[in-house]
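Please open the structure in your viewer and keep the selection panel at hand.

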Amino acid sequence: MSVFYIVIQQIVNGLILGSFYSLVALGYSMVYGIIKLLNFAHGDIYMAGAFVGFGALGIFGSILGVGWLGITVALLISMFLVGLLGMLIHRIAYQPLLNKRAPRMSLLITAVGVSFTLFNGVMVMTNGEYKAFSTSLGYEGISIGPVNITYTQIIMVVSTAILMLVLYWFINRTMYGKAMRAIALDQDACRLMGINVTKTIGLTFFVGSALAAAAGVMAGVYYGSIHFYMGFIIGLKAFTAAVIGGIGSIPGAMLGGLVLGLLETAGTQLPFIGSAWKDVFTFGILILLLVLKPTGILGKSEIERM
C-alpha cells in the first residue's frame with residue numbers, strides 16, 4: 001500500500017478514535033468548567049454506558065433487530081439511563097461535599113472511590129469476562145483504492161459531529177446552557193439571581209454522562225466486544241484530550257480528542273515507533289505541547305481568587 005493510501009487509512013482510524021476521546025473529554029471539561037472537579041470516574045461512566053447499551057440491545061434486538069434501528073434505540077436508552085446515573089453520583093457522592101465547601105482533594109478522592117465502585121461492580125456482575133457486542137452491520141462501504149471506509153465508520157463520525165453540534169447549541173443558545181456558563185463564573189452570584197445551582201450542576205453531570213455513554217455504545221459496536229476494564233485507559237486518554245484542548249473548554253475538548261486520536265494513529269506509522277510505542281509518542285507530544293502552551297490549545301489562563 002502506498003504512502004497516500006496509508007495516510008487516508010490512518011486519518012479515518014484517527015477520526016474514529018478521536019470521536020470516542022472527544023465525547024468522553026466533553027464530560028471532563030463540562031464538570032471541571034462548572035465545579036473545578038477532575039471527575040476520574042468518568043471513564044467508568046463510559047464503560048457503564050457500553051454495558052447498558054449491550055443489555056438494551058439484547059432486550060430490544062430480538063424485536064427491532066441488531067442493525068441500525070436496534071443500535072440507535074440501545075444508544076438512546078443507554079444515554080438516558082447513564083445520564084441519570086451521572087446525576088445520582090453527583091447527588092450522593094459530590095453534592096454533600098460541595099455543600100460543605102470541602103477541599104478539592106476530598107472531591108478528587110471521592111471521584112476515585114466512585115470509579116472503583118463502578119469498576120468493581122461491573123467486574124463482579126460480569127465475572128470479569130469479555131462480552132461480544134454482536135451486530136449485523138457488515139463491512140460494506142466506500143473504497144478508495146485499497147482503502148475501505150465502511151458505512152459504520154462514516155455514520156459514527158457523523159453521529160459524533162451531530163452530538164457535538166447539539167451540545168454546542170445547548171450550551172450557547174438555551175437558558176440551561178447559559179445558566180451552566182454563569183455558574184462556572186460565579187456560583188454565589190447565580191444563587192442571588194435565583195438560579196438553582198444544584199439542579200444545573202446535576203444537569204451538567206447528566207449531559208456529560210450521556211455523551212460518555214454514547215461513546216461507550218459506539219465503541220462496543222465498532223470493536224465488537226466490551227469489558228469492565230475498558231474505561232480505564234480511555235478515561236486517561238480522554239482526560240489527556242481535555243488538557244490538550246484546554247480543560248474547561250467545550251470546543252477545546254472536541255478539538256483535543258480529534259488531535260489525540262490523529263496523533264495516536266500517526267504514531268503507529270512512524271519509523272522506529274510502531275503500535276507498541278504509540279502511547280509513548282502520544283504522551284511525549286502532550287508534554288511538549290503543555291511546555292509550549294500550558295493552558296492547552298483553546299484554554300485560557302485563570303486567576304485563582306483567595
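The stops that follow take in the annotated spans, a helix and its neighbours, and several aromatic groups.

Bear in mind throughout that this is a predicted model.

Begin with the record: an unreviewed UniProt entry lists as "transmembrane region" the residues 20–38, 45–65, 71–94, 106–128, 148–171, 201–222 and 280–299. Select residues 20–38, whose end C-alpha atoms lie 19 Å apart and which are 84% helix and 0% strand. Then select residues 45–65, where the end C-alpha atoms are 26 Å apart and the span is 95% helix, again with 0% strand.

Next, select helix H6, residues 175–185, and show the side chains of its buried residues, which are Gly177, Ala179, Met180 and Ile183. These residues cover an arc of only 160 degrees around the axis, and therefore they sit on the same side of H6.

The aromatic rings come next, and the structure holds 12 aromatic pairs. Select phenylalanine 20 and tyrosine 222, which form an edge-to-face pair with 6.2 Å from centre to centre and 70 degrees between the planes. This pair links distant parts of the chain, since phenylalanine 20 belongs to helix H1 and tyrosine 222 to helix H8, 202 residues apart. Phenylalanine 20 is buried, at a relative accessible area of 1%, whereas tyrosine 222 is partly exposed, at 27%.

Move on to tyrosine 94 and phenylalanine 205, whose ring centres lie 5.5 Å apart with the planes at 35 degrees, so that this pair counts as tilted. Here too distant parts of the chain are linked, with tyrosine 94 in helix H3 (residues 68–99) and phenylalanine 205 in helix H8, 111 residues apart. Tyrosine 94 is buried, with a relative accessible area of 0%, and phenylalanine 205 also counts as buried, at 3% relative accessibility.

For the last two stops, select Phe119, Phe228, Tyr229 and Phe232 together, as they form one aromatic cluster.

Notes. Residues numbered from 1 in each chain as written. Predicted model: local features only at pLDDT ≥ 70, side-chain atom pairs only at ≥ 80, totals over all residues. Heavy atoms only, no water. Buried < 20%, exposed > 50% of the residue type's maximum accessible area, 1.4 Å probe, protein only. Helix = DSSP H or I, 4+ residues; strand = E, 2+ residues; numbered from the N terminus. Arc of directions from axis to C-beta. UniProt positions renumbered as here; feature names shortened; annotations may be inferred. Phe/Tyr/Trp six-rings, centres within 6.5 Å; stacked < 30°, edge-to-face > 60°.
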